[in-house]
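Here are my notes on the model you sent over. Have it open while you read, and go through the points in order.

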Amino acid sequence: MNKEEFIKELKKIGIEVTEDKLQKLDKYYEMIKYFNEFINLTSVIDYEQVYLKHFYDSLTLIKGIDLNSINELCDAGTGAGFP
């Protein structure tokens with residue numbers, strides 16, 4: 001999933017992405033790629049696959065849970081920090 005597809009798909013689920021947030025996701029991607037060389041965080045390190053399988057998939061949580069209506073949430077995931 002390239003950035004344009006990412007932005008388009010997020011709009012469909014009510015998420016607007018700013019340029020600042022995209023820059024932060026790119027920085028996160030670079031950190032994952034760097035640290036993955038030393039620690040096996042994830043087998044998915046291709047740029048477009050990270051946007052699809054990590055960033056987009058994690059954000060689709062809002063399809064099932066209204067995050068505005070809860071006070072606490074526990075992410076029991078492992079690896080690079082994705083639910």
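1. Helix 2 and helix 3 sit roughly perpendicular to each other, a label for angles of 65 to 115 degrees (under 35 is roughly parallel, over 145 roughly antiparallel, the rest oblique). In this predicted model, the axes of helix 2 (residues 19-36) and helix 3 (residues 47-59) cross at roughly 105 degrees and come within 11 Å. Axes here are lines fitted to C-alpha atoms, for helices over the stretch in contact, with angles from 0 to 180 degrees between N-to-C directions. Helices are DSSP runs (H or I, at least four residues) and strands are E runs of at least two, numbered from the N terminus.

2. What meets what there? On the helix 2 side you'll find L22, L25, D26, Y28 and Y29, and they meet Y47, V50, Y51 and F55 of helix 3. Contact means heavy atoms within 4.5 Å. By class, that's eight nonpolar, no polar and one charged residues. For the classes, Ala, Val, Leu, Ile, Met, Phe, Trp, Tyr, Cys and Pro are nonpolar, Asp, Glu, Lys and Arg are charged, and the others, Gly among them, are polar.

3. Now the aromatics: the structure holds seven aromatic pairs. Rings of Phe, Tyr and Trp (its six-membered ring) pair if their centres lie within 6.5 Å; planes under 30 degrees apart are stacked, over 60 edge-to-face, and the rest tilted. Y29 and Y47 have ring centres 5.0 Å apart and planes at 90 degrees, so that pair is edge-to-face. The pair links distant parts of the chain, with Y29 in helix 2 and Y47 in helix 3, 18 residues apart. Y29 is buried at 6% relative accessibility, while Y47 is partly exposed at 27%. Buried means under 20% relative accessible area, exposed over 50%, and partly exposed in between (1.4 Å probe, protein chains only).

4. Y51 and F55 also pair edge-to-face, at 4.9 Å centre to centre with 80 degrees between the planes. Being four residues apart in helix 3, they are separated by about one helical turn. An α-helix has 3.6 residues a turn, so residues three or four places apart point the same way. Y51 is buried at 0% relative accessibility, and F55 is buried at 4%. Both belong to one aromatic cluster made of F6, Y28, Y29, Y47, Y51 and F55.

5. Take a look at T42, in the loop between helix 2 and helix 3. Is T42 buried or exposed? T42 is buried, with a relative accessible area of 10%. Its side chain makes a polar contact with the side chain of H54 at 3.0 Å. A polar contact is a pair of N or O atoms within 3.5 Å; within protein, one must be able to donate a hydrogen and the other to accept it, and residues adjacent in sequence count only if both atoms are side-chain atoms. Leaving out residues up to four places away in sequence, T42 touches I32, N36 and H54.

6. Overall, the chain has three helices and zero strands. Of its 83 residues, 27% are buried.

7. On the numbers: residues count from 1 along each chain as its sequence is written, and side-chain values use heavy atoms, with hydrogens and water left out. Local features need pLDDT of at least 70 and side-chain atom pairs count only at pLDDT 80 or more, whereas totals for chains, interfaces and linings use all residues.
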